[in-house]
Every structure is written in C-alpha cells, then in structure tokens.
Amino acid sequence: MNMEAFILGCGGMQPLPYRHLTSVLLRRDGDLFLFDGGEGTQVSLKRLNLKWKKIDAIFVSHTHADHVTGLPGILMLSSQVDRTEPLYIYGPPKIKEYIESSRSVLDMYINYPIVVKEITAPCIVHEAPDFIVRAFPLDHTKTCVGYTLEEHDRPGEFNPQRARELGVPCGPLWSKLQNGSEVQAQDGSIVKPEQVMGERRLGRKFSFVTDTLFKESIIDEVRNSDLLICESMFEDALLDQAKEKKHMTASQAATIAKESNSKRMYMIHFSPRYTDKQLPVLLEEAQKIYPNAQLCKDRLQIDIPYVD
C-alpha cells in the first residue's frame, strides 16, 4: 500500500511568488487527506495533477489566515464535479464558524455534504479499520493542534511451505490463516495462525507539526515517525522573536526529530524573510543536530515506504 506526502506550500505568514502558504496532502492508496490549506493550495494541486475532488478529510491546525485561506476555493471547486461523498473537516474551535461564514458570505454553491467537527486535543479525530488520525495540543498564539496518522501493525508474512508441512493445502484455508483464524489440517489437527505467520510488522506514522513553541510533549506525540513535517520558521539568532510569536527555530525542530527517533524530518513554514537562497541557513542549523533534516519546497513529493 503506497503512502506519499505532497508539499503544496511551505511558507508562513505571507505567500511569495515562489512559495505558497503551508499545506500538505497525504495520499494513502485511494485516500486523500489535506493538512492545512493556505493560499495557493489549489495551484499546487493543479500543477501536480492530483485528484483534489477525492479529498476525504481536511485537518486544520488552527484558524490563522495563512493556514485556511485556501479552503474556500477547495470547497467551491468540489461542487464542479459529481461528488456525493461527504467531506470531513476537523480543527480546533472557530473552524466551524470560519467554514460556515465563508459559505454564507461567498454564497457558495455546495452540492455535497460537508461535516465540520471541532476537536479538543488530545483525541482521536478520525478512525478507519487500519489506521487512526490523532490530534495533540501545541502552544501558539491561538488554539493550535498537531496531527499524526498512525497505521496499525500489519500481520507477519505467510509461510506457504510451513503450511504445507502442517497439512494445510493451498486454497481458502490459507486465506483464513492469514486473516487470523484457526483451520483444520488434512489429518484433522488444528493449525493456528501463529504457526505459519511471521512476526507482526510495523505500520507507518506521519506527523504534522506547525505553529508552536518548542514543547517536550511534542516529542512523545511524534515518536517513531516515518515522516515528520515540522515547522522551522526561524534561525537560532532570532530565538527571541520565535518565542514572542510562539514559533520554533530550525534547531528546535531538529531536536524534536532527534529525540523522537523520527526516521526523516522535513522542515516547513518558513518565515518570508528567507528567500530560497537563504533557506540553507536553517538547514545547516538543523543538520548539526539531526543529519536527516531536509527542506520542504513547493510541490515536493515524499514517499513513505514500509520499513520491512
């Protein structure tokens, strides 16, 4: 099952000609999940030729303008196609008011269900048979949350040779064993799944953290992430400004990645004071602490493979 993240925008505060505002699309086979929707989200979706009309859910960190101004266009565009499935929107208090007032003031034509759910973190906000999306509190100038999408562990690999040795012929009985059920072998003995299945394999974890002061609690929330998308708005020289505006520096983001044992960390939500040529300053500071740090850039695609 493929999983990949698309960086639709990586800027903070204001869009630049070469950098849209923060938005990330996560594709997990046929499921599409949008994390924040800053200005320019539609442009990157179009340029990447992504099927935005099939977005299942939108997860909003907070209602500052640079994280939500791209959402009204997404809602309106989705009415131009034959969509019948509901679109779920999750976020902290005020997200429902923002969506409803935008629909009213803009007189939106919406021909599909929109379900807005305000959340209080920490909590599970979205649940499917094989994964959950969890929200956790951040520390910003208004209520803000981070998100993790965590897959459940996968069954171990099936050993067909062992199944034959135990007298279970190829066919429907193999499927039952793989699905966790006991079966009867040809000699009448009972064969249990653990006799033919390897050790359970880890699922994947995607984490999205933006607009917050450094908090020790974030480390536990994103622990063992296969991909951590984390704000890195300022360099260390601007630490005082970061604290005043309740944002993180690149080295603080790197500390979270290192201490959480995350496999990869991509930096996002850059201050507009940094041109693309200046962003390596942030990367250099982060890589001193966490060598696997990388810079997000608009329309970057990041594969998230299984580790086994």
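## The largest pocket

In this predicted model, the lining of the largest pocket consists of two nonpolar, two polar and eight charged residues. The volume of this pocket is about 170 Å³. Rolling a probe the size of a water molecule over the atoms shows where such empty space is left.

Which residues line the largest pocket? The lining is formed by Glu150, Glu151, Asp153, Leu202, Gly203, Arg204, Lys205, Arg223, Asn224, Asp226, Lys263 and Val307.

## A pair of helices

Helix H9 covers residues 250-259, and helix H10 covers residues 280-289. Their axes come within 8 Å and cross at roughly 30°. Angles under 35 degrees count as roughly parallel, and H9 and H10 are therefore roughly parallel to each other. The crossing in which H9 passes H10 is right-handed.

On the side of H9, the contact is made by Ala250, Ser251, Ala254, Thr255 and Lys258. On the side of H10, Leu282, Glu285, Ala286 and Ile289 take part. How do the residues of this contact divide into nonpolar, polar and charged? Five are nonpolar, two are polar and two are charged.

## Two features of the backbone

Most residues other than glycine have a negative phi, and most peptide bonds are trans. Two places in this model may be read against that background.

Where is aspartate 36 placed? Aspartate 36 is in the loop between strand E3 (31-35) and helix H1 (41-47). Its phi is near 65°, a positive value in a residue other than glycine.

Alanine 121 and proline 122 are joined by a cis peptide bond, with omega at about 5°. Proline 122 belongs to the loop between strand E6 (114-118) and strand E7 (123-128).

How values were computed. Residues are numbered from 1 along each chain as its sequence is written. This is a predicted model: local features need pLDDT of at least 70, side-chain atom pairs count only at pLDDT 80 or more; totals for chains, interfaces and linings use all residues. Side-chain values use heavy atoms; hydrogens and water are left out. Axes are lines fitted to C-alpha atoms, for helices over the stretch in contact, and angles run from 0 to 180 degrees between N-to-C directions. Helices (H or I, at least four residues) and strands (E, at least two) are DSSP runs, numbered from the N terminus. Angles under 35 degrees count as roughly parallel, over 145 as roughly antiparallel, 65 to 115 as roughly perpendicular and the rest as oblique. A crossing is left-handed if the near helix is turned anticlockwise from the far one by less than a right angle, and right-handed if clockwise. Contact means heavy atoms within 4.5 Å. Ala, Val, Leu, Ile, Met, Phe, Trp, Tyr, Cys and Pro count as nonpolar, Asp, Glu, Lys and Arg as charged, and the others, Gly among them, as polar. On a 1 Å grid over the protein atoms alone, a cavity is a set of points where a 1.4 Å probe fits but cannot get out, and a pocket is an open set with protein on both sides within 12 Å along at least five of seven lines; lining residues have an atom within 4 Å of a point. Grid points are joined across faces, edges and corners, and a volume is the space filled by probe spheres set on the points.
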